[in-house]
Amino acid sequence: MVARSQEMRGHAARPRDGAAGFTLVELLAVIAVVAVLAGLMLPALSRGKQKAQGLQCLNNHRQLALAWRMYAEDNQDRLPYASEDPSRPETLAAAWVTGTLDFNPDNPTNWNPALSIERSPLWPYCGGQHGIWKCPADRSFVVVNGEARPRVRSMSMNVYLGGWGGTDGGWGPQISNYRIYLKMADLANPGPSKVFVFLDMREDSIDMGNFATRMIGWPDRPEMYGFYDLPGFYHHRACGFSFADGHSEIRRWRDERTMPPLVTGGLVNDSFASPHNPDVAWLQEHSTRPLSNPR
């Protein structure tokens with residue numbers, strides 16, 4: 001019996017015909033094929049991720065624009081300010097958001113939504129959702145006591161919607177010669193579907209709650225075009241926008257000057273001339289209109 005068991009074990013230990021392992025050449029060939037397939041699939045997966053983030057960004061914009069419209073409807077058609085006027089503390093309560101973003105760990109409005117977002121007059125209309133204030137592709141953070149804390153916001157408001165506490169902020173004719181919309185009805189010119197409310201801003205350009213389109217040169221002096229702030233380009237050279245009629249869209253930029261390299265953890269030079277830039281023309285067309293009697 002013992003001899004038979006040993007014989008059986010010896011038989012089981014022998015490889016069966018055709019069951020030999022892979023040769024080194026065969027393994028290398030399999031690895032090469034997998035590498036090629038991975039190389040083909042990764043760009044598609046990346047594009048899929050970008051598309052999903054773009055759809056989520058559009059949804060965030062729609063919800064935030066709805067909160068903006070509901071606020072106006074509950075407040076006699078008055079629009080919230082794009083930013084407070086620091087010299088007039090009474091404007092704080094009507095500014096859509098307060099606080100200034102930077103990368104200073106001693107500035108808790110960077111990372112604590114209770115100090116900015118939850119104090120917004122729009123917050124009661126947001127369903128308790130902090131996420132709608134930020135583009136999902138914005139991964140910016142501030143290091144606080146060794147911990148990376150995500151920043152609370154990447155969206156800013158068109159400065160011509162409410163201005164700085166209802167004024168042009170004393171910026172001179174480049175702002176004061178254009179309409180500061182204070183009521184929803186004022187948007188009849190050029191129409192709510194043509195005026196953007198919110199946009200994604202770059203992490204190295206965003207600060208106060210407003211985005212200021214440089215209107216100099218509108219509509220027929222393109223040699224005077226330029227920027228005061230820079231829009232985001234998180235969605236493969238494109239930016240999310242929401243409009244006063246409630247719709248949202250992704251705008252793809254055409255000019256490289258609109259997208260200088262990102263300054264991680266710092267601030268980019270976002271105020272510069274950009275003559276004949278078609279992206280500036282688009283921003284101007286969707287920001288405001290000249291006053292009938294310029295100052």
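Modeller: A charge sits over a ring if NZ of Lys or CZ of Arg is within 6 Å of the ring centre and within 35 degrees of the ring normal. The model here is predicted.

Colleague: How far is the charged end of Arg151 from the centre of the ring of Phe103?

Modeller: The cut-off for the distance to the ring centre is 6 Å. The charged end of Arg151 sits over the ring of Phe103, and its distance from the ring centre is 4.1 Å.

Colleague: Is Trp282 buried or exposed?

Modeller: Trp282 belongs to helix α4, residues 278-285. Buried means under 20% relative accessible area. Because the relative accessibility of Trp282 is 10%, this residue counts as buried.

Colleague: What separates the C-alpha atoms of Trp282 and Trp253?

Modeller: Trp253 is among the residues in contact with Trp282 once neighbours within four places in sequence are left aside. Along the chain the two are 29 residues apart, while their C-alpha atoms are separated by 9.6 Å.

Colleague: How many aromatic pairs are there, and what kind is the pair of Phe241 and Phe243?

Modeller: Ring centres must lie within 6.5 Å to pair. The count of aromatic pairs comes to 12. For Phe241 and Phe243 the centres are 6.4 Å apart with 40° between the planes, and the pair is tilted.

Colleague: What kind of pair do Phe241 and Trp253 form?

Modeller: Phe241 lies in strand β7, and Trp253 in the loop between β8 and β9, 12 residues apart. Both Phe241 and Trp253 are buried. Planes over 60 degrees apart count as edge-to-face. With 6.0 Å centre to centre and 80° between the planes, the pair is edge-to-face.

How values were computed: Residues are numbered from 1 along each chain as its sequence is written. This is a predicted model: local features need pLDDT of at least 70, side-chain atom pairs count only at pLDDT 80 or more; totals for chains, interfaces and linings use all residues. Side-chain values use heavy atoms; hydrogens and water are left out. Helices (H or I, at least four residues) and strands (E, at least two) are DSSP runs, numbered from the N terminus. Buried means under 20% relative accessible area, exposed over 50%, partly exposed in between (1.4 Å probe, protein chains only). Contact means heavy atoms within 4.5 Å. Rings of Phe, Tyr and Trp (its six-membered ring) pair if their centres lie within 6.5 Å; planes under 30 degrees apart count as stacked, over 60 as edge-to-face and the rest as tilted.
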